[in-house]
Amino acid sequence: MNGIDLVGPQFAVLIAAGLALVVDAVLPRQRRLIPFVALAGLALSVAWSISWVARDDYQTAFGGTLVLDRYAVFFYFVFAGIAAAVVLASIEWVERAGRGQAEYYALVLASTAGFMFLASSRDLISIFIALELSSIPQYILAGWGKDERSSEAGLKYLLLGAIASAVLLYGMALLYGFTRTTELGGIADAVAAGGDANRSLLILAVALVIAGFGFKMAVVPFQMWVPDVYQGAPTPVAAYLSVGSKGAAFAVVTRLFFEGLGPGVASDDWSMIFAVVAAVSMTFGNVMAIAQTDIKRLLGYSSIAQAGNIMVGLAAISVAGEEFVLGASGVIFFVAAYAFTNLGAFIAVIAISQRIGSDRIADYAGMWKRSPALAGVLALCLVSLTGIPPTAGFWAKLYVFNSAIRADMAWLVIIGVLNSLVSAYYYLGIAKTMFVAQPAEEATFRPPLTLSISLGVAAAGVLALGLIPGPVLSAAHDAAETLALVY
Amino acid sequence: MTPGLEHFLTVGAILFCLGLTIALSKRNAIGVLMGIEIMLNAVNLTLLSFARFGVGHGPVTGQAFVVFIITVAAAEAAVALALAVSVYRNRDTIDVDKMNLLRS
């Protein structure tokens, strides 16, 4: 029983996934209940996480393969929130798709449980299992649509994802051979004790691991799937992929590199790899996004650039002493801010494209006159993605750039700020299209209730994190400190 | 001469590179899948040889890892074949070079 209590938040989500299938089989006339079963499971999961915060009694589970610390619990909240927003945003679309409603929600919940396990894994084996538990449902979801674009996106995503996990596994196998353990604490000890012997093997192993996770984080040069999959997959699924899979990958990479391969070990080498990848990703994503005419492809390229921004925090890993946690807490806060912001943008896109039946940016002309609420929220999210106050994105960028300056990486910050200027051009370009241009037709419309709720929550989150970032910043700082406690 | 750790590792590395080459160059989706399976089996061989020669007879972590990889690979292959069938029904081909609907 104690074991189940320790994985309670994940357990609640998995139970809801099973329950959704049971409801579908037992009460076929009550299919409308299924999304609410999913939401109830997520609510239970959040309640369970809150109980762990209240108990403040953090510990490891299952022989040290999983750990329940502030870091993991912070991400439990983020992932449960993401899943709830995606479930709400999916209701309309899934009903229209008209098949396998229970399976859709069960897959979303299963991969959410996978994200949660990823955030709490402290062992290479459990990291791998959790990664696949979250990935395989996403492959199916990306191919969920009936049209040929969706199945093509699903197959592409799966083939590239499977190659990436094979590369990751090879890196893990070499890491196991080098350190003779799969447990992150043991890896840290072995790497520290190993000194310079077998150093080339270690660097090869870590490069392969970064490549494998780089695919999930969608950073250059492992980004080629992003625009295709975002464009082809159903929009609610694209929203889910863009925040969930990226957030979980950053959660696990931060833990892996700060706990297993952290300071005093080899951090200077990784820090340079991360810095270069971050700079290239920001530049590539922003430059490619300028020329896009399809809003989903644009958000795909913008998410590559945002991954580069988050990675600036990882590059700050080499900061010594007390400030060591700055980079990690920057990553954590950025992931939370990015989750709200990008979900808001995607949900607005879902609502607009359901109405106008197009993803072309040119068709968003004059949206301000047709649906002020939708245009307003989308503009707010775009402002936050650019990083302009008073939004969540501003504090997130400030925080990671600050950590990079402390790590003596002023050049990276300069590249980051220049990139923010480039991104302002296309983010605010969409806003200008919506507010200034003349609409093709005048008919006004409102989004459906479920979409309005999730849109309202996302917008409130973006503003709340922007106006009063203090509580979440300190929670992120506490979470990052539990990573540093290992030393 | 009895084969040692480095021989097994060399075979594993060669297999991995072969698998990666196949996965990246094959045009048929099933061929790509076969390349991925070869890569995963190269990983298994590497893990097992480390477990046998490097760590010795202790905890069976390496072997346990391999069992998990085999299981997950089976699940992944099942989903991949289902998606391949779905693409084939829509397009009458599973040639990955012809999957070019997704362009701006």
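How many of the 20 residues of helix 5 of chain A are buried? The count is 19, so helix 5 is largely enclosed by the rest of the structure. Keep in mind that this is a predicted model.

**Where chain B meets chain A**

- Chain B brings 34 residues to the contact, and chain A brings 36.
- Sorted by class, the side of chain B that touches chain A has 25 nonpolar residues, seven polar ones and two charged ones.

**A spot to look at in chain B**

- T21(B) sits in helix 1 of chain B.
- T21(B) has 13 other C-beta atoms within 10 Å, so it comes out as partly exposed; a residue needs 20 or more to be buried, and 12 or fewer to be exposed.
- From T21(B) to I36(B) is 15 residues in sequence and 9.7 Å in space, C-alpha to C-alpha.

**Helix 5 of chain A**

- Helix 5 of chain A runs over residues 101-120.
- At 1.5 Å a residue, its 20 residues should span 28 Å, and the end C-alpha atoms are 29 Å apart, which agrees.

**Helix 10 of chain A and what covers it**

- Helix 10 (residues 225-232) of chain A is mostly covered, with eight of its eight residues buried.
- Those buried residues are W225(A), V226(A), P227(A), D228(A), V229(A), Y230(A), Q231(A) and G232(A).
- The cover over them includes helix 6 (124-142), helix 7 (148-179), helix 11 and helix 13 of chain A.

**Helices 6 and 7 of chain A**

- Helix 6 and helix 7 of chain A pack at an angle of about 175°, and their axes are 9 Å apart.
- Angles over 145 degrees count as roughly antiparallel, so that is how helix 6 and helix 7 of chain A are described.
- On the helix 6 side, the residues making the contact include L124(A), F128(A), L131(A), E132(A) and Y139(A).
- On the helix 7 side, they include G154(A), Y157(A), G161(A), L169(A) and M172(A).
- By class, the contact of helix 6 with helix 7 of chain A divides into 13 nonpolar residues, four polar and one charged.

**Helices 11 and 13 of chain A**

- Helix 11 (residues 235-260) and helix 13 (residues 295-315) of chain A pack at about 15°, with axes 11 Å apart.
- The cut-off for roughly parallel is under 35 degrees, and helix 11 and helix 13 of chain A are therefore roughly parallel to each other.
- The crossing of helix 11 past helix 13 of chain A is right-handed.
- Helix 11 of chain A makes this contact through residues including T235(A), A238(A), S242(A), K246(A) and F250(A).
- From helix 13 of chain A, K296(A), L299(A), S303(A) and I310(A) are among them.
- Eight nonpolar, four polar and two charged residues make up the contact of helix 11 with helix 13 of chain A.

- Most residues other than glycine have a negative phi, and most peptide bonds are trans.
- V220(A) and P221(A) are joined by a cis peptide bond, with omega about 5°; P221(A) is in the loop between helix 9 (199-217) and helix 10 of chain A.
- There is also a cis bond from P389(A) to P390(A), omega near 5°, and P390(A) is in the loop between helix 16 (372-386) and helix 17 (392-406) of chain A.
- A218(A) has a positive phi, near 65°, though it is a residue other than glycine.
- A218(A) belongs to the loop between helix 9 and helix 10 of chain A, and it is buried, with 29 other C-beta atoms within 10 Å.
- R180(A) is not a glycine either, yet its phi is positive, at about 60°.
- R180(A) is in the loop between helix 7 and helix 8 (184-194) of chain A, where it is partly exposed, with 19 other C-beta atoms within 10 Å.

**One last pair**

- A410(A) lies in helix 18 (residues 410-435) of chain A and is exposed, with 11 other C-beta atoms within 10 Å.
- A410(A) and S242(A) are 168 residues apart in sequence and 28 Å apart in space, C-alpha to C-alpha.

Definitions and conventions:
Residues numbered from 1 in each chain as written. Chains lettered and ligands numbered in written order. Predicted model: local features only at pLDDT ≥ 70, side-chain atom pairs only at ≥ 80, totals over all residues. Contact = placed C-beta atoms within 7 Å. Nonpolar A, V, L, I, M, F, W, Y, C, P; charged D, E, K, R; others polar. Helix = DSSP H or I, 4+ residues; strand = E, 2+ residues; numbered from the N terminus. Expected span 1.5 Å × (residues − 1). Axes fitted to C-alpha atoms, helices over the stretch in contact; angles between N-to-C directions. Parallel < 35°, antiparallel > 145°, perpendicular 65-115°, else oblique. Left-handed = near helix turned anticlockwise from the far one by under 90°.
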